[in-house]
Amino acid sequence: MPDMMDQCRQLFDRVFAVYRFAGCPCAFPRFRQLVAFNFRNFARAPVGCHLTETAIALACSPTSFYTRGGRDLCCRVCAGEILYHDEEFSIAMRFARLEFSTIKATQVGASAAEKVPMPRGFFGFREPDIAACARGFTREAPFRDLERYLTERADMRQRVAATCPLAGRDS
């Protein structure tokens, strides 16, 4: 069985295949929700989310969706504008989040729910703050539920993966 990092990578390979088929991640509010995780909404001390970090890193890789223009990003597909926030809290604690300032893609994905179904995967300085973020941002669920959540369509709540031959494979 693959380790947690391999599972994250495989999940986003499948999710990004769906996004490429449908256009881009900007068209999926649930992806925007995941990459916008901000501990300040739930806790006092800094807390990061491994899935947020992984999604941002992969979406910003040289062959992926977002390209840097200084500190900010631009979607290669829809030309949407994204603010890239990178904060450092100690030599060993740094994390990013994205803020979509101009969304040019037509919404394809389902609207974001109150909580993201996902494996926990938070890190920080204090356990109470980590727990507060986990409770506030997620409902604990396996990777397959997160994949379904991120790829579900807005129309009739069907997944884009149902029509994309590269998506929906189990890890």
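At 57% relative accessibility, Glu140 counts as exposed. Exposed means over 50% relative accessible area, buried under 20%, and partly exposed in between (1.4 Å probe, protein chains only). Arg120 is partly exposed, at 28%. The side chains of Glu140 and Arg120 meet in a salt bridge (3.8 Å, N to O). Glu140 lies in strand β8 (residues 138-140) and Arg120 in the loop between β6 and β7 (122-124), so the pair ties together parts that are 20 residues apart in sequence. A salt bridge here is a side-chain nitrogen of Lys or Arg within 4 Å of a carboxyl oxygen of Asp or Glu.

This is a predicted model: local features need pLDDT of at least 70, side-chain atom pairs count only at pLDDT 80 or more, and totals for chains, interfaces and linings use all residues. Residues are numbered from 1 along each chain as its sequence is written, and side-chain values use heavy atoms, with hydrogens and water left out.

Now the overall plan. The protein chain has five helices and eight strands. Helices (H or I, at least four residues) and strands (E, at least two) are DSSP runs, numbered from the N terminus. Of the 171 residues, 48% count as buried.

Next, the sheet. Four strands form an open sheet in the order β2-β3-β4-β5, with antiparallel pairing. Two strands pair if DSSP finds at least two bridges between them. β2 (66-69) and β5 (93-102) stand at the edges, each with a single partner strand, so one side of each is left without a neighbour in the sheet. Strand β4 (residues 81-90) pairs with β5 over nine bridges. His85 has Arg97 in β5 as its bridge partner.

Arg94 and Asp86 meet in a salt bridge (2.8 Å, N to O). Asp86, Glu88 and Arg94 are linked in a network of salt bridges. Arg94 is partly exposed at 46%, and Asp86 is partly exposed at 26%.

Turn to helix α5 (residues 143-151). Its buried residues include Phe143, Leu146 and Tyr149. What covers the buried residues of α5 includes α1 (4-22), α2 (29-35), α3 (50-59) and β6 (116-118).

One more salt bridge joins Glu152 and Arg30 (2.7 Å, N to O). Glu152 lies in the segment after α5 and Arg30 in helix α2, so the pair ties together parts that are 122 residues apart in sequence. Both residues, Glu152 and Arg30, are buried. The structure holds nine salt bridges.

How values were computed
Contact = heavy atoms within 4.5 Å.
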